[in-house]
Amino acid sequence: PTFLAMGGVIGKRGGSSASRPPSQPIQLWIARISAPSRAVWLYLAQNNLPYEIKEVDLMSGGNKTEEYTKMNPHQKVPTIQDGSVTLYESPAIIRYLAQRYCQGRGCGG
């Protein structure tokens with residue numbers, strides 16, 4: 001099935017691995033000054049989900065580069081890539097992570 005989340009890019013969602021942690025670290029683009037970025041970062045850390053932080057320098061326009069805009073046309077942080085799924089907007093990201101990896105694991109949300 002296709003997973004849709006507000007503000008996010010559509011990606012394929014596998015049904016059988018819904019409660020297993022990801023096999024590869026989730027790529028997380030954040031700016032530490034951003035409260036929504038910190039919320040997603042905290043959710044990943046709190047639930048022991050593997051992630052790799054990619055710092056976006058908002059002051060120098062790192063969020064306005066062509067590469068970043070392809071991932072997130074709104075040019076805001078945070079953004080995640082989890083395999084073929086790319087999402088932006090912190091509520092959509094946290095909901096996706098909870099549904100994808102935390103069912104049956106007792107993750108916080």
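Predicted model: local features only at pLDDT ≥ 70, side-chain atom pairs only at ≥ 80, totals over all residues.
Strand β3, residues 26–30, and strand β5, residues 79–82, run antiparallel to each other and are joined over 3 bridges. In general, the strands of a sheet pair through backbone hydrogen bonds, and the pairing can be parallel or antiparallel.

Now step back to see the whole sheet. It is an open sheet of 4 strands, and reading across it gives the order β4-β3-β5-β6, with mixed pairing. The edges are held by β4 (51–55) and β6 (85–88); each has a single partner strand, so one side of each has no neighbour in the sheet. If you follow the sheet from one strand to the next, the twist averages 20 degrees.

A helix joins this picture as well. Helix α1, made of residues 35–46, packs on the sheet and touches β3, β4 and β5. The direction of α1 makes about 155 degrees with that of β3.

Next, let us turn to charges. Side chains of opposite charge can pair when their charged atoms come close. How many salt bridges does the structure hold? There are 3 salt bridges.

One of them links Glu 55 with Arg 32, and the closest N and O atoms are 2.8 Å apart. Glu 55 sits in strand β4, while Arg 32 sits in the loop between β3 and α1, so this pair ties together parts that are 23 residues apart in sequence. Are these residues buried, partly exposed or exposed? Glu 55 is partly exposed, with a relative accessible area of 44%, and Arg 32 is also partly exposed, at 46%.

Another salt bridge joins Lys 54 and Glu 52, whose closest N and O atoms are 3.5 Å apart. Lys 54 is partly exposed, with a relative accessible area of 28%.

The remaining salt bridge takes us to a helix. Glu 66 pairs with Lys 70, with 3.6 Å between the closest N and O atoms. Both residues lie in helix α2, which covers residues 66–71, and they are 4 residues apart, about one turn of the helix. Here Glu 66 is exposed, and Lys 70 is exposed as well.

How values were computed:
Residues numbered from 1 in each chain as written. Heavy atoms only, no water. Pairing = 2+ DSSP bridges. Helix = DSSP H or I, 4+ residues; strand = E, 2+ residues; numbered from the N terminus. Axes fitted to C-alpha atoms, helices over the stretch in contact; angles between N-to-C directions. Contact = heavy atoms within 4.5 Å. Salt bridge = Lys/Arg side-chain N within 4 Å of Asp/Glu carboxyl O. Buried < 20%, exposed > 50% of the residue type's maximum accessible area, 1.4 Å probe, protein only.
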